[in-house]
Amino acid sequence: MAPPPTLPRQRLRYVRILDVAAGFARKGLDSVVLSEVAAKADVPLGTLYRYFPSSTQLVLALYRKQLGELLAGSSAEGKVAAQALVGVVMEIFHMRLMQPAVEQCLNRAVYVKDTDTTRLLREIDATAEKAVTAACGDAAVARVLLLTVTGLVQAVRCRRLSLFEAEEDLKKACSLLQRAPQAA
């Protein structure tokens, strides 16, 4: 997988591909057909394959981009700490829940040493952790909340919890974990 481009024209194509992929990601990984994405993004198929050799890498790159935007937005906002934390964690929860292709890639992907997908997964993990840590100030709390997000996404997908119940549980987790360091 080629690194994201640096030239403005190439960067616009790259972003256009990811923007188009977002529409496909809402339907599931099986609906992400690279030739259809290339056609809809109006880029040659070879260009798409240069950046994203597989639909998994395309969807994971989309999620990395979304997390990067979330990180940039969370560090720029001046919200109250509790509101910022809930906002960032809820955004990650909804990104994973509303884009089944992203969740499928995260569940199916395997960390294999020295592969493009593994590097991409590690970047995703690091970016998500940075975004939540920026909101709460504690990397350990960020990791716990990200694991909580994973569990709640699975619970909603398996219909053990409603979306509303999962959101409420996530808000409670944010509140409890944010108070825990202060109480100690």
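## Cysteines

Cys174 is buried, since its relative accessibility is 1%, under the 20% limit for that class. In this predicted model, a search of the whole structure finds zero disulfides. Cys174 accordingly takes part in none, and the nearest cysteine sulfur, that of Cys136, lies 8.6 Å away. A disulfide would require two cysteine sulfur atoms within 2.5 Å.

Cys158 is partly exposed, with a relative accessibility of 48%. For Cys158 the closest cysteine sulfur belongs to Cys105, and because the separation is 18 Å, the two are too far apart for a bond.

## Overall architecture

The protein contains nine helices and zero strands. Read from the N terminus, the order of elements is therefore α-α-α-α-α-α-α-α-α.

The chain has 184 residues, for which a compact globule would have a radius of gyration near 16 Å; the value for the protein is 17 Å, which agrees. The C-alpha trace spans about 55 × 35 × 30 Å along the principal axes. Among contacts in the protein with a separation of 6 or more, 70% involve residues 24 or more positions apart.

## Burial, surface and charge

Buried residues make up 42% of the 184 residues of the protein.

The protein carries 24 positive and 18 negative charges.

Helix H7 covers residues 116-136, and Thr127 is placed within it. Is Thr127 buried or exposed? Thr127 is buried, because its relative accessible area is 14%, below the 20% cut-off. Leaving aside residues up to four places away in sequence, Thr127 touches Leu67, Gly68 and Leu71.

Thr115 belongs to the loop between helix H6, residues 100-108, and H7. With a relative accessible area of 25%, Thr115 is partly exposed. The C-alpha atoms of Thr115 and Ala166 are 34 Å apart in space, and the two residues are 51 residues apart in sequence.

## Helix H9

Helix H9 comprises residues 163-183 and includes Ser175. Ser175 is partly exposed, its relative accessible area being 31%. Between Ser175 and Val20 the sequence separation is 155 residues, and the C-alpha to C-alpha distance is 36 Å.

Gln178 is also found in helix H9. At 17% relative accessibility, Gln178 falls in the buried class. What distance separates the C-alpha atoms of Gln178 and Gly137? These atoms are separated by 9.4 Å, while the residues are 41 residues apart along the chain.

## Positive phi in two loops

Asp42 is not a glycine, yet it has a positive phi of about 60°. Asp42 is placed in the loop between helix H2, residues 34-41, and helix H3, residues 45-51. Asp42 is exposed, because its relative accessible area is 63%, over the 50% limit. Asp42 and Arg13 are 29 residues apart in sequence, with a C-alpha to C-alpha distance of 8.7 Å.

Arg159 likewise has a positive phi, near 65°, in a residue other than glycine. In which loop does Arg159 lie? Arg159 lies in the loop between helix H8, residues 139-157, and H9. With a relative accessibility of 75%, Arg159 counts as exposed.

Note on methods. Residues are numbered from 1 along each chain as its sequence is written. This is a predicted model: local features need pLDDT of at least 70, side-chain atom pairs count only at pLDDT 80 or more; totals for chains, interfaces and linings use all residues. Side-chain values use heavy atoms; hydrogens and water are left out. Helices (H or I, at least four residues) and strands (E, at least two) are DSSP runs, numbered from the N terminus. The radius of gyration is taken over C-alpha atoms; the globule rule is 2.2 Å times the number of residues to the power 0.38. Buried means under 20% relative accessible area, exposed over 50%, partly exposed in between (1.4 Å probe, protein chains only). Contact means heavy atoms within 4.5 Å. Lys and Arg count as positive and Asp and Glu as negative; His and the chain ends are not counted. The place of a charge is taken as NZ of Lys, CZ of Arg, CG of Asp or CD of Glu.
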